[in-house]
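Please read the points below alongside the sequence and the coordinates.

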Amino acid sequence: MADYIYTLEIRLTPDQQRGVTLVQDAARAAGMNVYLTGGAVRDIISGFTIRDLDFTVQGNPLKLQKDLEKSGVKVQSTDDDLKLLYLTLPGNVRAEVAMARTERYDKVGKPPIIAPGTILEDLRRRDFTVNAMALSLNPGSRGLLMDPYNGAADIEAKLLRVLHNYAFVEDPSRLIRASRFAARFHWPLEERTQQRYDSAKENNYIEYISDRAIGYEIEQLAYEEDPLHIVRTLEKEDWLKVLSPHWTTAKVDTAGLSQLMKTRQQMNDFGYSPDPAPAVLYFLTARLNDKEISDLRKLIPRKGLVEAWRDLEDNAKELARKLSGKEAATPSRTWKLLSDSSPEMILFLEVTARQQAVVQKIRNFFGKWRQVQQKLPLPEMAELHITPQLPEYPKIAHDAFLLLLDGKLRSRTEILKFLKPLAPPPPPPPPPPPARRGRAAKAAAAASGNTAVAPAAPAPTAKKKGKQGPGPVMATPPPPAPAPAKTPVKAAVAKPTSAKPAKTAAPKKTPKPPAKKAKKRH
């Protein structure tokens, strides 16, 4: 169990981890058991890119909608029949939350009879063993893998195996899914699965596919890493015309699609994560007529994806207009405009723009303008205490960068001249050490040789020692008080030296020792 907790943490991106926590907490607050299921578990174990998150709850997920929306989750659409939520989690993470259910097919081509079920019953209704696994997200069992059909072994063997003999008959869309998975993972169908696949294809069970399943398969094409390869595979198996009767690879803008995926990878390298799905659908259907495209859009379950696809051209034209006008008259204004624009718009416009000036500005945004940031004198900024720990640091660095972009700061001297007035005041000096007293002060004065600062406290000690008999200790006067600031140093020293002879002559006037008086008494 601990191994899969660790795997869950290292395989998910930070945004995906936060999404898992959001759904997990919402389900826990509603008293529902929640599991990560399907393709997400398969990709976590296999090492493939985790494209989306599939959650299954034992209960009605529609009851979680309000709590999820309060947490910043966007609900793209809902399916009241299947009790299903299509979500976009913070960080642009796609997710689905479905009810654990059973499915019973009374007749080929008819929709299944659905009823709430347990997580094990939900896994039993799925298509392939590699998708029939679940990871618990519940307290006490978090990270526990449920794999009743040994899907992990098939992942290791790189095989696609259906769960039962009637898998393709009950749900013909599994024929398309089998071809799509085989093309994506480069995994063959297991021998008996291949036989059942061929039999279902020969008997033309695909004619019973539902519109909901067609819409789901169209949507999945938009999120493939190599959509052109998948489309070619579906066309070879005669499944592409099932999705749309007039859809062929000849209707695909292959050059634009290839450039789109290349540009997307470059943006990923710069830390941007645009969602390419709307643009992928745009290029996949570039040569279909308006009615055919409209029919496809009606079938896709995620309405947010449909709207983004529909508005793609208009939004890109608006961004191109701004890049050609006063709003992008200088490099700094262009930088601000592109920084505030959606990555999806920049991605699409970079591929489709016809104005050379617009294309060049986008390339500068991802190219040479980023190198200007390296001209900021970071060591000198640190000496001025302009460091990332300073609350104003992001604004100061950004303002300096924009001035560098526009050529208003050219040399290091000019940059430092701009930065110095913005530097914070130096920190206050440390407080002085506390004054020493008694023996510690005396020892410190002796060590430094500075008798002028010795305290007057030892004077009584000298008198006490004088009662024991004459000696050099009594001859030593107490240290003089410090001279006033206006008195010259020489005068302050001369006074105690002139007083010394008078004090040293005092022992001569003392009476004779008591010992001699004792002899006269005898």
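Predicted model: local features only at pLDDT ≥ 70, side-chain atom pairs only at ≥ 80, totals over all residues.

1. How many residues lie between β3 and β4 in the hairpin that they form? Four residues separate the two strands, and Lys83 in the turn has a positive phi of about 55 degrees.

2. The protein chain has an average pLDDT of 85, and 83% of the residues score at least 70.

3. Two stretches call for caution. Residues 451-477 keep a pLDDT under 50, and the model gives this stretch eleven contacts beyond four places in sequence. Over residues 516-522 the pLDDT is also below 50, and this stretch has zero contacts in the model beyond near neighbours in sequence.

4. The largest nonpolar core comprises 118 residues, and Leu36, Leu53, Phe55 and Trp247 have the most contacts inside it. Helix α23 (residues 393-405) gives the most to this core, contributing eight residues. In soluble globular proteins, nonpolar side chains tend to be buried together.

5. Leaving aside residues up to four places away in sequence, Phe55 touches a set of residues including Val20, Val23, Val34, Leu36, Val97 and Leu137. Gly19, Thr37 and Glu96 are also among the residues that Phe55 touches.

6. There is also a second, separate core of five residues, among them Ile119, Leu123, Ala134 and Met146.

Methods. Residues numbered from 1 in each chain as written. Heavy atoms only, no water. pLDDT = per-residue confidence, 0-100. Contact = heavy atoms within 4.5 Å. Pairing = 2+ DSSP bridges. Core = buried A, V, L, I, M, F, W, Y, C linked by side-chain atoms within 4.5 Å. Buried < 20%, exposed > 50% of the residue type's maximum accessible area, 1.4 Å probe, protein only.
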